Amino acid sequence: MPDKIFLDTNILVYLANEDSPFHLRSAEKFKEVAGKSELWISRQVLREYAVVMTRPGIVEKPLSSKEVASDIEKWESIFQIADETEEVTGILVELIKAHDIKGKKIHDANIVASMMANSIQTLFTLNVDDFKKFKKIQLIAI
């Protein structure tokens, strides 16, 4: 098992959203890695989680502002947090240039940049296709 694993936003969403068809698979895989590896997220992941979990039509039971704020505090206490630093931005710019990244895919590249700045080589995600172009990371899928 890798020393460090970065969790994509979708993993937090599926862990928290028991109505999701991906909840059980996410929870089972999470149990496999928890305690064996240091688990990381970024402030971007926290923001994306808040957006998804409070948005009607995206999740079956959107959270209130109070509930999502409580979840953010909980996630901050559980996981290591990769802050967005000047180094992350520099790596992001290099990834954008190297892979001709545009639009919403820049969010994915920023996750990879956060990982690289914190020496994290493994990403736990449902969206493996979004990250296959980044050869410097390994993927764990649900």
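## The largest pocket

In this predicted model, the largest pocket holds about 610 Å³ of space. Of the 23 residues that line the largest pocket, Thr-9, Glu-48, Val-52, Asp-108 and Asn-127 are the closest to its centre. The elements that give two or more residues to this lining are H1, helix H3 (43-53) and helix H6 (105-117).

Sorted by class, the lining of the largest pocket is made up of nine nonpolar, six polar and eight charged residues.

## Overall fold

The protein has six helices and five strands, and from the N terminus on these elements follow the order β-α-α-β-α-α-β-α-α-β-β. The radius of gyration is 15 Å, close to the 14 Å that the globule rule gives for 142 residues, so the protein is as compact as a globular protein of that length. The C-alpha trace spans about 40 × 30 × 25 Å along its principal axes.

Of the 142 residues in the protein, 43% are buried. Among the contacts with a separation of 6 or more, 64% are accounted for by residues 24 or more positions apart.

Helix H2 covers residues 23-33, and its buried residues are His-23, Ser-26, Ala-27, Phe-30 and Val-33. These residues lie on the same side of H2 because they cover an arc of only 125° around the axis. The face turned away from this buried side carries Leu-24, Glu-28 and Lys-31, which are exposed.

The cover over the buried residues of H2 comes from elements that include strand E1 (4-7), helix H1 (9-16), strand E2 (38-42), strand E4 (122-125) and strand E5 (138-141). After H2 comes Gly-35, a residue with a positive phi, near 85°.

## Ile-5 in strand E1

Ile-5 has its place in strand E1, and it counts as buried because its relative accessibility is 0%. Leaving aside residues up to four places away in sequence, Ile-5 touches Val-33, Ser-37, Glu-38, Leu-39, Trp-40, Ile-120, Thr-122, Phe-124 and Ile-140.

Ile-72 lies 67 residues from Ile-5 in sequence, and the C-alpha to C-alpha separation of the two in space is 19 Å.

## Asn-17 between H1 and H2

Asn-17 belongs to the loop between H1 and H2. Although it is a loop residue, Asn-17 counts as buried, with 9% relative accessibility against a cut-off of under 20%.

## Two loop residues with positive phi

Most residues other than glycine have a negative phi. Against that background, Asp-100 is not a glycine and yet has a positive phi of about 50°. Asp-100 is found in the loop between helix H5 (86-99) and H6, and it counts as exposed at 54% relative accessibility.

Ser-119, likewise not a glycine, has a positive phi of about 55°. Ser-119 sits in the loop between H6 and E4, and with a relative accessible area of 58% it is exposed, the cut-off being over 50%.

Definitions and conventions: Residues are numbered from 1 along each chain as its sequence is written. This is a predicted model: local features need pLDDT of at least 70, side-chain atom pairs count only at pLDDT 80 or more; totals for chains, interfaces and linings use all residues. Side-chain values use heavy atoms; hydrogens and water are left out. Buried means under 20% relative accessible area, exposed over 50%, partly exposed in between (1.4 Å probe, protein chains only). Helices (H or I, at least four residues) and strands (E, at least two) are DSSP runs, numbered from the N terminus. The arc is that of the directions from the helix axis to the C-beta atoms. Contact means heavy atoms within 4.5 Å. On a 1 Å grid over the protein atoms alone, a cavity is a set of points where a 1.4 Å probe fits but cannot get out, and a pocket is an open set with protein on both sides within 12 Å along at least five of seven lines; lining residues have an atom within 4 Å of a point. Grid points are joined across faces, edges and corners, and a volume is the space filled by probe spheres set on the points. Ala, Val, Leu, Ile, Met, Phe, Trp, Tyr, Cys and Pro count as nonpolar, Asp, Glu, Lys and Arg as charged, and the others, Gly among them, as polar. The radius of gyration is taken over C-alpha atoms; the globule rule is 2.2 Å times the number of residues to the power 0.38.
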